[in-house]
Amino acid sequence: MTSLLTRAELGVYQRLLRPVLFRWGGGDPERIHEAMISWLGHVPATRSAEVAAPVTVAGIEFPNRVGVAAGLDKDGVAAAAWARFGFGFAELGTVTGQAQPGNPAPRMFRARASRGIVNRMGFNNHGAEALADRLLKLGVQRGNRRLGIPLGISIGKTKAVALLDAASDYLASVDALRDYADYLAVNISSPNTPGLRTLQHASQLEQLLACIIESASQGPDPLPVFVKLAPDLEPGTWAETLAVIRDSGAAGIIATNTTLSREGLAAGDQHLAAEAGGLSGAPLTGRALAFVEQTAAATQLPVIGVGGIMSPRDGRRMIDAGAALLQLYTGFIYAGPALVRGLNEILR
């Protein structure tokens with residue numbers, strides 16, 4: 001486990017393993033990512049997680065504040081492995097009501113000079129039912145901590161489904177996954193599904209959340225629902241959207257998704273500026289931090305901070321800005337398990 005590793009062992013990833021991984025398979029980031037997730041899928045589950053700064057958010061007890069962001073493990077292939085890296089929770093997905101291949105490749109680009117990633121994956125996944133089947137076979141049930149940590153599941157809209165029918169598509173995922181998730185995250189902020197971000201607008205979001213939260217509330221113990229927002233929301237839209245989320249009965253907010261801005265790309269990565277898709281990593285650090293601070297100040301709902309957390313200091317600043325929990329994606333790819341360890345140490 002990460003908690004048993006020495007600092008020297010943790011540094012092996014950045015000095016030795018990462019350079020090999022970044023060159024493997026011709027350097028194709030998506031191919032490398034899928035290979036690593038497949039390998040992690042063979043790691044046996046652990047019943048315990050590293051306990052550092054335990055916290056209860058939305059009625060869920062988290063052993064620590066550092067989690068896996070949606071997109072890293074879309075189909076839950078590596079679900080059993082994340083606790084062993086020191087994570088206190090993992091958000092699987094984003095999955096959709098129907099299986100879909102996502103956007104045409106190439107669709108992931110590593111901005112190495114900027115410590116970032118541009119992606120336009122487009123919710124490639126095997127569908128909500130397939131994820132439910134996988135978790136069932138792993139013995140996961142809501143609240144049982146079978147894999148050592150709480151599991152969130154991010155749900156999105158199937159590309160082939162019209163925006164007018166988005167609610168029924170999201171509800172298909174809720175129905176499939178409610179028995180396996182400790183919380184659901186409603187992804188309405190990916191830039192890679194046409195029209196999806198329009199669901200953030202108050203007039204559309206109000207009806208969508210009403211349907212999802214009503215469905216998630218069936219039974220004696222309502223399933224917490226978080227809403228994931230884009231960092232590119234205009235101030236007027238942001239205020240109206242936040243009001244709808246506040247009044248909907250949602251459990252919290254996830255801030256943020258990737259950005260369409262290309263601000264912060266280093267000179268060596270300017271060739272990626274014209275690539276369609278969302279930018280994550282270090283170029284997003286300041287924007288995400290400001291968004292979290294603004295959101296946390298405007299609502300009493302808990303905020304999960306994600307975006308541009310590349311160092312323990314970035315995570316500390318996100319918590320100080322009002323985030324209750326953190327999530328990693330690009331930072332974990334660039335810094336490896338040492339980042340999880342460093343965050344857990346600085347947040348004790």
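**A predicted model, talked through**

Biologist: Is A58 buried, exposed or partly exposed?

Modeller: A58 counts as partly exposed, because its relative accessibility is 31%. Buried here means under 20% relative accessible area, exposed means over 50%, and partly exposed is in between, with a 1.4 Å probe and protein chains only.

Biologist: What should I know about the model itself before we go on?

Modeller: This is a predicted model, in which local features need pLDDT of at least 70 and side-chain atom pairs count only at pLDDT 80 or more, while totals for chains, interfaces and linings use all residues. Residues are numbered from 1 along each chain as its sequence is written, and side-chain values use heavy atoms, with hydrogens and water left out.

Biologist: Thanks. Back to A58: what is its phi, and where does it lie?

Modeller: Phi of A58 is positive, about 55°, although A58 is not a glycine. A58 lies in the loop between β1 (55-57) and β2. Strands are DSSP runs of E with at least two residues, helices are runs of H or I with at least four, and both are numbered from the N terminus.

Biologist: And what about R115, what is its phi?

Modeller: R115 has a positive phi near 55°, and it is a residue other than glycine. R115 sits in the loop between β5 and β6 (116-119), and it counts as partly exposed because its relative accessibility is 41%.

Biologist: Switching to peptide bonds: is the one from A105 to P106 cis or trans?

Modeller: The bond from A105 to P106 is cis, with omega near 0°. P106 belongs to the loop between β4 and β5 (108-111). A cis peptide bond also joins A255 and T256, with omega about 20°, and T256 is in the loop between β10 (252-255) and β11 (278-281).

Biologist: R262 is in the loop between β10 and β11. Is R262 buried or exposed?

Modeller: R262 is buried, with a relative accessible area of 16%.

Biologist: What does R262 touch?

Modeller: Leaving out residues up to four places away in sequence, R262 touches V118, L272, A273, E275, A276, G277, G278 and L279. Contact means heavy atoms within 4.5 Å. R262 and A274 are 12 residues apart in sequence, and their C-alpha atoms are 8.8 Å apart.

Biologist: On to the helices. How do α5 and α6 cross?

Modeller: The axes of α5 (residues 202-216) and α6 (residues 235-248) come within 9 Å and cross at roughly 20°. Axes are lines fitted to C-alpha atoms, for helices over the stretch in contact, and angles run from 0 to 180 degrees between N-to-C directions. The two helices, α5 and α6, are therefore roughly parallel to each other. The cut-offs are under 35 degrees for roughly parallel, over 145 for roughly antiparallel, 65 to 115 for roughly perpendicular, and oblique for the rest.

Biologist: Which residues of α5 and α6 meet?

Modeller: From α5, A202, L205, E206, L209 and I213 meet E240, T241, V244, I245 and S248 in α6. By class, this contact has six nonpolar, two polar and two charged residues. Ala, Val, Leu, Ile, Met, Phe, Trp, Tyr, Cys and Pro count as nonpolar, Asp, Glu, Lys and Arg as charged, and the others, Gly among them, as polar.

Biologist: How do α4 and α5 cross?

Modeller: The axes of α4 (residues 166-177) and α5 come within 10 Å and cross at roughly 20°. That makes α4 roughly parallel to α5. In this contact, A166, A167, Y170, L171, V174 and D175 of α4 meet L208, C211, I212, S215 and A216 of α5. The classes are nine nonpolar, one polar and one charged.

Biologist: Last topic, aromatics. How many aromatic pairs are there in the whole structure?

Modeller: A search of the whole structure finds seven. Rings of Phe, Tyr and Trp (its six-membered ring) pair if their centres lie within 6.5 Å; planes under 30 degrees apart count as stacked, over 60 as edge-to-face and the rest as tilted. The rings of F62 and F89 have centres 5.0 Å apart and planes at 75°, so this pair is edge-to-face. F62 lies in β2 (residues 60-62) and F89 in β4 (residues 89-96), so the pair ties together parts that are 27 residues apart in sequence.

Biologist: Are F62 and F89 buried or exposed?

Modeller: F62 counts as buried at 3% relative accessibility, and F89 is buried with a relative accessible area of 0%.

Biologist: Which residues do ring pairs link into a cluster?

Modeller: The cluster is W82, F85, F87 and F332. W82 is buried, and F85 is buried too.
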